[in-house]
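Please walk me through this protein model. I would like to see how its parts pack together.

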Amino acid sequence: MDVAEEGRVSSMRVVEAVEEFLVARRAGKPSPHTVAAYRRDLLGVVGCAARALRVDPGAVGVAELSGGVMRQAFAEFAAERAASSVTRAWSTWNQFFTFLVAEGIVEGNPMPAVRRPRAPVREPKPLMGEDTPERLLEALAQGARKARDPWPQRDLAVLALALLTGLRSAEMLALRLDSFSGRPGERRIRVVGKGGRTRSLPIEPPLEALIEEYLRTRAERFGKRPAGADPLLVDNRGQALRRGGLQYLVRQCYRHAGVYDRVARGTLVHALRHTFATRLAEDGASVTEIMRLLGHTSITSSQSYIDVTASAQREAARANRTYGVVRRLGGGVAAGEPVG
(Lines give C-alpha, C1' and ligand atoms only; values in the text may rest on other atoms or scores of the structure.)
Protein backbone atom coordinates (compact mmCIF):
# COMPACT_ATOMS: atom_id res chain seq x y z
CA MET A 1 0.00 0.00 0.00
CA ASP A 2 1.53 3.33 -1.06
CA VAL A 3 1.48 6.54 1.00
CA ALA A 4 -1.56 7.94 -0.82
CA GLU A 5 -3.53 4.75 -0.26
CA GLU A 6 -2.54 4.66 3.41
CA GLY A 7 -3.81 8.20 3.77
CA ARG A 8 -7.12 7.34 2.14
CA VAL A 9 -7.59 4.35 4.41
CA SER A 10 -6.71 6.19 7.60
CA SER A 11 -9.17 9.00 6.80
CA MET A 12 -11.97 6.81 5.41
CA ARG A 13 -15.41 7.56 6.77
CA VAL A 14 -17.66 4.70 7.81
CA VAL A 15 -20.42 5.75 5.41
CA GLU A 16 -17.92 5.44 2.54
CA ALA A 17 -16.76 2.03 3.74
CA VAL A 18 -20.39 0.87 3.97
CA GLU A 19 -20.93 1.63 0.29
CA GLU A 20 -17.74 -0.23 -0.67
CA PHE A 21 -18.90 -3.20 1.41
CA LEU A 22 -22.30 -3.24 -0.31
CA VAL A 23 -20.65 -3.09 -3.74
CA ALA A 24 -18.47 -6.06 -2.80
CA ARG A 25 -21.56 -8.02 -1.73
CA ARG A 26 -23.14 -7.71 -5.18
CA ALA A 27 -21.09 -10.62 -6.47
CA GLY A 28 -23.16 -12.90 -4.27
CA LYS A 29 -26.38 -11.65 -5.92
CA PRO A 30 -28.20 -10.68 -2.69
CA SER A 31 -31.84 -9.67 -2.98
CA PRO A 32 -32.78 -5.97 -2.77
CA HIS A 33 -34.42 -6.76 0.57
CA THR A 34 -31.13 -8.18 1.91
CA VAL A 35 -29.12 -5.19 0.70
CA ALA A 36 -31.61 -2.81 2.31
CA ALA A 37 -31.31 -4.73 5.59
CA TYR A 38 -27.50 -4.52 5.46
CA ARG A 39 -27.59 -0.77 4.92
CA ARG A 40 -30.22 -0.23 7.62
CA ASP A 41 -28.28 -2.22 10.23
CA LEU A 42 -24.95 -0.60 9.38
CA LEU A 43 -26.15 2.99 9.27
CA GLY A 44 -28.37 2.52 12.32
CA VAL A 45 -25.39 1.56 14.46
CA VAL A 46 -23.26 4.30 12.89
CA GLY A 47 -25.77 6.82 14.20
CA CYS A 48 -25.39 5.38 17.70
CA ALA A 49 -21.58 5.43 17.39
CA ALA A 50 -21.74 9.07 16.29
CA ARG A 51 -23.60 10.00 19.44
CA ALA A 52 -21.05 8.14 21.54
CA LEU A 53 -18.27 10.08 19.78
CA ARG A 54 -20.30 13.32 19.77
CA VAL A 55 -19.86 13.88 16.04
CA ASP A 56 -22.07 13.90 12.96
CA PRO A 57 -22.78 10.36 11.59
CA GLY A 58 -21.17 11.30 8.28
CA ALA A 59 -17.97 12.27 10.07
CA VAL A 60 -17.38 8.98 11.91
CA GLY A 61 -14.09 7.50 10.77
CA VAL A 62 -13.44 3.79 10.42
CA ALA A 63 -10.37 4.15 12.63
CA GLU A 64 -12.57 5.43 15.49
CA LEU A 65 -14.64 2.26 15.76
CA SER A 66 -12.88 0.67 18.70
CA GLY A 67 -14.31 -2.12 20.81
CA GLY A 68 -15.41 0.41 23.43
CA VAL A 69 -17.21 2.61 20.89
CA MET A 70 -18.95 -0.40 19.36
CA ARG A 71 -20.10 -1.58 22.80
CA GLN A 72 -21.64 1.82 23.50
CA ALA A 73 -23.21 1.94 20.05
CA PHE A 74 -24.79 -1.49 20.37
CA ALA A 75 -25.99 -0.76 23.91
CA GLU A 76 -28.02 2.14 22.52
CA PHE A 77 -29.04 0.26 19.38
CA ALA A 78 -30.36 -2.68 21.45
CA ALA A 79 -32.36 -0.56 23.88
CA GLU A 80 -35.56 -0.47 21.80
CA ARG A 81 -35.09 -3.47 19.52
CA ALA A 82 -35.87 -7.16 19.72
CA ALA A 83 -33.06 -9.60 20.42
CA SER A 84 -33.39 -11.08 16.93
CA SER A 85 -32.90 -7.63 15.34
CA VAL A 86 -29.82 -6.94 17.43
CA THR A 87 -28.37 -10.36 16.61
CA ARG A 88 -28.89 -9.73 12.89
CA ALA A 89 -27.19 -6.32 13.15
CA TRP A 90 -24.29 -7.88 15.07
CA SER A 91 -23.84 -10.44 12.30
CA THR A 92 -23.92 -7.71 9.64
CA TRP A 93 -21.27 -5.70 11.45
CA ASN A 94 -19.13 -8.78 11.91
CA GLN A 95 -19.24 -9.34 8.14
CA PHE A 96 -18.50 -5.65 7.58
CA PHE A 97 -15.38 -5.70 9.76
CA THR A 98 -14.24 -8.97 8.18
CA PHE A 99 -14.41 -7.17 4.83
CA LEU A 100 -12.49 -4.17 6.21
CA VAL A 101 -9.73 -6.42 7.58
CA ALA A 102 -9.46 -8.28 4.26
CA GLU A 103 -9.16 -4.95 2.43
CA GLY A 104 -6.47 -3.73 4.80
CA ILE A 105 -8.63 -0.84 5.97
CA VAL A 106 -8.53 -1.88 9.64
CA GLU A 107 -6.13 -4.16 11.49
CA GLY A 108 -8.68 -6.16 13.46
CA ASN A 109 -12.33 -6.91 14.08
CA PRO A 110 -13.65 -5.39 17.35
CA MET A 111 -16.97 -7.26 17.29
CA PRO A 112 -15.82 -10.07 19.65
CA ALA A 113 -15.75 -7.32 22.30
CA VAL A 114 -19.49 -6.71 21.76
CA ARG A 115 -21.90 -9.14 23.38
CA ARG A 116 -24.75 -10.34 21.23
CA PRO A 117 -28.07 -11.47 22.70
CA ARG A 118 -29.23 -15.01 22.54
CA ALA A 119 -32.22 -14.90 20.26
CA PRO A 120 -35.26 -16.68 21.72
CA VAL A 121 -36.30 -19.93 20.11
CA ARG A 122 -39.20 -19.19 17.82
CA GLU A 123 -42.04 -21.63 18.01
CA PRO A 124 -44.23 -22.11 14.94
CA LYS A 125 -47.64 -20.44 15.12
CA PRO A 126 -49.98 -22.30 12.76
CA LEU A 127 -53.66 -21.56 12.45
CA MET A 128 -55.41 -22.76 15.59
CA GLY A 129 -58.07 -25.42 15.27
CA GLU A 130 -57.82 -28.76 13.51
CA ASP A 131 -60.36 -27.84 10.82
CA THR A 132 -59.35 -24.21 10.28
CA PRO A 133 -57.58 -24.59 6.89
CA GLU A 134 -60.55 -26.52 5.48
CA ARG A 135 -63.03 -24.06 6.93
CA LEU A 136 -61.10 -21.15 5.44
CA LEU A 137 -60.90 -22.59 1.93
CA GLU A 138 -64.50 -23.81 1.91
CA ALA A 139 -65.77 -20.36 2.94
CA LEU A 140 -63.85 -18.75 0.09
CA ALA A 141 -65.10 -21.33 -2.40
CA GLN A 142 -68.75 -20.87 -1.38
CA GLY A 143 -68.93 -17.15 -1.91
CA ALA A 144 -67.09 -13.89 -2.40
CA ARG A 145 -65.93 -12.00 0.65
CA LYS A 146 -67.30 -8.50 1.19
CA ALA A 147 -65.25 -6.20 -1.00
CA ARG A 148 -65.73 -3.30 -3.36
CA ASP A 149 -64.67 -5.48 -6.29
CA PRO A 150 -64.83 -9.13 -5.17
CA TRP A 151 -62.62 -11.68 -6.86
CA PRO A 152 -63.22 -15.06 -5.16
CA GLN A 153 -61.18 -17.09 -7.64
CA ARG A 154 -58.08 -15.01 -6.93
CA ASP A 155 -58.61 -15.12 -3.16
CA LEU A 156 -59.04 -18.89 -3.17
CA ALA A 157 -55.96 -19.42 -5.34
CA VAL A 158 -53.81 -17.23 -3.08
CA LEU A 159 -54.85 -18.94 0.17
CA ALA A 160 -54.62 -22.44 -1.31
CA LEU A 161 -51.17 -21.69 -2.77
CA ALA A 162 -49.89 -20.56 0.62
CA LEU A 163 -51.39 -23.50 2.51
CA LEU A 164 -50.16 -26.11 0.02
CA THR A 165 -46.63 -24.81 -0.62
CA GLY A 166 -45.65 -22.99 2.57
CA LEU A 167 -44.19 -20.07 0.61
CA ARG A 168 -43.04 -16.91 2.38
CA SER A 169 -44.82 -13.67 1.48
CA ALA A 170 -41.86 -12.39 -0.57
CA GLU A 171 -41.61 -15.70 -2.42
CA MET A 172 -45.27 -15.63 -3.37
CA LEU A 173 -45.08 -12.04 -4.58
CA ALA A 174 -42.01 -12.83 -6.71
CA LEU A 175 -43.73 -15.64 -8.64
CA ARG A 176 -44.17 -15.22 -12.39
CA LEU A 177 -46.14 -17.23 -14.89
CA ASP A 178 -42.92 -18.79 -16.15
CA SER A 179 -42.15 -19.94 -12.60
CA PHE A 180 -44.31 -22.95 -13.50
CA SER A 181 -42.98 -25.81 -15.59
CA GLY A 182 -43.85 -29.40 -16.46
CA ARG A 183 -46.77 -31.14 -18.07
CA PRO A 184 -50.35 -30.81 -16.77
CA GLY A 185 -50.72 -32.99 -13.70
CA GLU A 186 -46.96 -32.92 -13.09
CA ARG A 187 -46.36 -29.21 -12.61
CA ARG A 188 -43.57 -27.79 -10.50
CA ILE A 189 -42.98 -24.25 -9.34
CA ARG A 190 -39.56 -22.63 -9.18
CA VAL A 191 -39.21 -20.46 -6.08
CA VAL A 192 -36.52 -17.88 -5.38
CA GLY A 193 -35.99 -17.85 -1.63
CA LYS A 194 -33.79 -16.03 0.84
CA GLY A 195 -30.32 -15.19 -0.39
CA GLY A 196 -31.36 -15.86 -3.99
CA ARG A 197 -31.47 -19.62 -3.36
CA THR A 198 -33.91 -21.47 -5.58
CA ARG A 199 -35.96 -24.58 -4.97
CA SER A 200 -38.52 -26.51 -6.98
CA LEU A 201 -41.84 -27.50 -5.42
CA PRO A 202 -44.44 -29.94 -6.78
CA ILE A 203 -47.90 -28.65 -7.61
CA GLU A 204 -50.65 -31.26 -7.48
CA PRO A 205 -53.62 -31.20 -9.92
CA PRO A 206 -56.21 -29.74 -7.46
CA LEU A 207 -54.06 -26.66 -6.82
CA GLU A 208 -53.17 -26.43 -10.49
CA ALA A 209 -56.90 -26.32 -11.30
CA LEU A 210 -57.52 -23.47 -8.87
CA ILE A 211 -54.68 -21.45 -10.35
CA GLU A 212 -55.91 -22.08 -13.88
CA GLU A 213 -59.40 -20.91 -12.92
CA TYR A 214 -57.95 -17.77 -11.35
CA LEU A 215 -55.93 -17.07 -14.52
CA ARG A 216 -59.05 -17.59 -16.64
CA THR A 217 -61.01 -15.01 -14.66
CA ARG A 218 -58.00 -12.69 -14.74
CA ALA A 219 -57.96 -12.83 -18.54
CA GLU A 220 -61.68 -11.98 -18.57
CA ARG A 221 -61.20 -9.05 -16.21
CA PHE A 222 -58.32 -7.41 -18.05
CA GLY A 223 -58.80 -8.68 -21.61
CA LYS A 224 -55.39 -10.32 -21.80
CA ARG A 225 -54.15 -13.80 -20.97
CA PRO A 226 -51.08 -13.42 -18.69
CA ALA A 227 -47.92 -15.20 -19.78
CA GLY A 228 -44.16 -15.36 -19.46
CA ALA A 229 -42.67 -12.87 -17.02
CA ASP A 230 -46.05 -11.45 -15.94
CA PRO A 231 -46.55 -11.60 -12.16
CA LEU A 232 -48.64 -14.53 -10.99
CA LEU A 233 -50.51 -12.59 -8.30
CA VAL A 234 -52.11 -9.25 -9.10
CA ASP A 235 -54.40 -6.78 -7.37
CA ASN A 236 -57.82 -5.69 -8.59
CA ARG A 237 -56.22 -3.21 -11.02
CA GLY A 238 -54.09 -5.88 -12.65
CA GLN A 239 -50.88 -4.62 -11.04
CA ALA A 240 -48.43 -6.92 -9.27
CA LEU A 241 -49.68 -7.64 -5.78
CA ARG A 242 -47.51 -6.03 -3.10
CA ARG A 243 -46.79 -7.01 0.48
CA GLY A 244 -49.39 -4.70 2.03
CA GLY A 245 -52.02 -5.83 -0.45
CA LEU A 246 -51.30 -9.49 0.24
CA GLN A 247 -51.57 -8.96 3.99
CA TYR A 248 -54.87 -7.10 3.61
CA LEU A 249 -56.26 -9.80 1.31
CA VAL A 250 -55.35 -12.61 3.73
CA ARG A 251 -56.70 -10.72 6.75
CA GLN A 252 -60.04 -10.12 5.03
CA CYS A 253 -60.25 -13.76 4.00
CA TYR A 254 -59.77 -14.81 7.63
CA ARG A 255 -62.57 -12.49 8.67
CA HIS A 256 -64.86 -13.68 5.89
CA ALA A 257 -64.37 -17.29 7.00
CA GLY A 258 -64.87 -16.41 10.67
CA VAL A 259 -61.44 -17.72 11.70
CA TYR A 260 -59.62 -14.46 12.48
CA ASP A 261 -59.65 -15.36 16.17
CA ARG A 262 -57.67 -18.52 15.31
CA VAL A 263 -54.69 -16.58 13.93
CA ALA A 264 -51.77 -15.86 16.26
CA ARG A 265 -51.09 -12.16 16.61
CA GLY A 266 -48.59 -10.81 14.10
CA THR A 267 -48.59 -13.82 11.78
CA LEU A 268 -51.20 -13.38 9.01
CA VAL A 269 -49.53 -14.82 5.88
CA HIS A 270 -46.82 -16.58 7.91
CA ALA A 271 -49.51 -18.52 9.80
CA LEU A 272 -50.30 -20.28 6.51
CA ARG A 273 -46.64 -21.28 6.10
CA HIS A 274 -46.53 -22.57 9.67
CA THR A 275 -49.74 -24.52 9.10
CA PHE A 276 -48.26 -26.14 5.99
CA ALA A 277 -45.13 -27.22 7.86
CA THR A 278 -46.94 -28.37 10.99
CA ARG A 279 -49.27 -30.58 8.97
CA LEU A 280 -46.28 -32.08 7.17
CA ALA A 281 -44.77 -32.96 10.54
CA GLU A 282 -48.06 -34.39 11.82
CA ASP A 283 -48.29 -36.60 8.74
CA GLY A 284 -44.80 -38.00 9.31
CA ALA A 285 -42.57 -35.93 7.02
CA SER A 286 -38.89 -36.02 7.98
CA VAL A 287 -36.90 -32.99 9.07
CA THR A 288 -34.97 -33.14 5.78
CA GLU A 289 -38.16 -33.11 3.71
CA ILE A 290 -39.58 -30.17 5.66
CA MET A 291 -36.27 -28.33 5.36
CA ARG A 292 -36.21 -28.70 1.56
CA LEU A 293 -39.84 -27.74 1.05
CA LEU A 294 -39.60 -24.64 3.25
CA GLY A 295 -36.23 -23.55 1.88
CA HIS A 296 -34.52 -23.56 5.29
CA THR A 297 -30.73 -23.50 5.42
CA SER A 298 -30.61 -24.68 9.03
CA ILE A 299 -32.05 -27.99 10.14
CA THR A 300 -32.77 -26.38 13.53
CA SER A 301 -35.54 -24.25 12.01
CA SER A 302 -37.24 -27.28 10.49
CA GLN A 303 -36.79 -29.39 13.63
CA SER A 304 -38.99 -26.94 15.56
CA TYR A 305 -42.04 -28.17 13.63
CA ILE A 306 -41.32 -31.75 14.65
CA ASP A 307 -40.80 -30.70 18.28
CA VAL A 308 -43.99 -28.64 18.42
CA THR A 309 -45.98 -31.48 16.90
CA ALA A 310 -44.70 -33.86 19.58
CA SER A 311 -45.63 -31.31 22.25
CA ALA A 312 -49.12 -30.88 20.78
CA GLN A 313 -49.62 -34.64 20.74
CA ARG A 314 -48.70 -34.84 24.42
CA GLU A 315 -51.13 -32.01 25.27
CA ALA A 316 -53.90 -33.82 23.42
CA ALA A 317 -53.14 -37.05 25.28
CA ARG A 318 -53.06 -35.21 28.61
CA ALA A 319 -56.52 -33.75 27.91
CA ASN A 320 -58.06 -37.23 27.67
CA ARG A 321 -60.80 -37.36 30.33
CA THR A 322 -59.92 -40.93 31.22
CA TYR A 323 -56.72 -39.61 32.74
CA GLY A 324 -58.88 -38.15 35.51
CA VAL A 325 -59.97 -41.65 36.56
CA VAL A 326 -56.46 -43.05 36.23
CA ARG A 327 -55.05 -40.25 38.37
CA ARG A 328 -57.63 -40.98 41.07
CA LEU A 329 -57.03 -44.71 40.94
CA GLY A 330 -53.28 -44.23 40.87
CA GLY A 331 -53.48 -41.94 43.89
CA GLY A 332 -55.37 -44.56 45.85
CA VAL A 333 -52.87 -47.28 44.99
CA ALA A 334 -49.96 -45.02 45.93
CA ALA A 335 -51.57 -44.38 49.32
CA GLY A 336 -52.10 -48.09 49.93
CA GLU A 337 -55.86 -47.75 49.80
CA PRO A 338 -58.10 -50.43 48.26
CA VAL A 339 -59.36 -49.63 44.78
CA GLY A 340 -63.13 -49.66 44.28
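Predicted model: local features only at pLDDT ≥ 70, side-chain atom pairs only at ≥ 80, totals over all residues.

The protein chain holds 14 helices and 3 strands. It has 340 residues, of which 37% count as buried. Take the contacts in the chain with a separation of 6 or more: residues 24 or more positions apart account for 59% of them.

Start with the nonpolar cores. The largest has 42 residues. Within this core, Leu136, Leu159, Leu232, Tyr254 and Leu272 touch the most other members. Several elements each supply at least two residues: helices H6 (132-142), H7, H8 (169-173), H9 (205-222), H10 (243-257) and H11, along with strand E2 (188-192). H7 gives the most, with 8 residues. A second, separate core counts 33 residues, including Val14, Tyr38, Ala49 and Met70.

Not counting residues up to four places away in sequence, Leu136 touches Leu127, Leu159, Leu163, Cys253, Tyr254, Ala257, Val259 and Leu272. Three of these partners, Leu159, Tyr254 and Leu272, are themselves listed with Leu136 as touching the most other core members.

Now look at the helix pairs. Two packed helices are described by the angle between their axes and the distance between the axes. H7 (residues 152-165) and H11 (residues 269-282) pack at an angle of about 40 degrees, and their axes are 6 Å apart. The two helices are therefore oblique to each other. On the H7 side, the contact uses Leu159, Ala162, Leu163, Leu164 and Thr165. On the H11 side, Leu272, Thr275 and Phe276 take part. By type, the residues of this contact divide into 6 nonpolar, 2 polar and no charged.

H11 also meets H10. The axes of H10 and H11 come within 9 Å and cross at roughly 70 degrees. That makes H10 roughly perpendicular to H11. H10 brings Leu246, Gln247, Val250 and Tyr254 to the contact, while H11 brings Val269, Ala271 and Leu272. The residues of the contact of H10 with H11 divide into 6 nonpolar, 1 polar and no charged.

Next comes helix H12 (residues 287-294). Which of its residues are buried? Val287, Ile290 and Leu294 are. Seen down the axis of H12, these buried residues fall within an arc of 65 degrees, so they line one face of the helix. An α-helix has 3.6 residues a turn, so residues three or four places apart point the same way. Gly295 follows H12, and its phi is positive, near 80 degrees.

Two single residues complete the tour. Asp41 sits in helix H3 (residues 32-53). Is this residue buried or exposed? Asp41 is buried, because its relative accessible area is 2% and the cut-off for buried is under 20%. Leaving aside neighbours within four places in sequence, Asp41 is in contact with Phe77, Arg88, Ala89, Thr92 and Trp93.

Val62 lies in the loop between H3 and helix H4 (67-78). At 3% relative accessibility, Val62 counts as buried too. Beyond its neighbours within four places in sequence, Val62 is in contact with Met12, Arg13, Val14, Ala17, Leu100, Ile105 and Val106. One of these, Val14, belongs to the second core. The C-alpha atoms of Val62 and Phe97 are separated by 9.7 Å, although the two are 35 residues apart along the chain.

Technical notes: Residues numbered from 1 in each chain as written. Heavy atoms only, no water. Axes fitted to C-alpha atoms, helices over the stretch in contact; angles between N-to-C directions. Helix = DSSP H or I, 4+ residues; strand = E, 2+ residues; numbered from the N terminus. Parallel < 35°, antiparallel > 145°, perpendicular 65-115°, else oblique. Contact = heavy atoms within 4.5 Å. Nonpolar A, V, L, I, M, F, W, Y, C, P; charged D, E, K, R; others polar. Buried < 20%, exposed > 50% of the residue type's maximum accessible area, 1.4 Å probe, protein only. Core = buried A, V, L, I, M, F, W, Y, C linked by side-chain atoms within 4.5 Å. Arc of directions from axis to C-beta.
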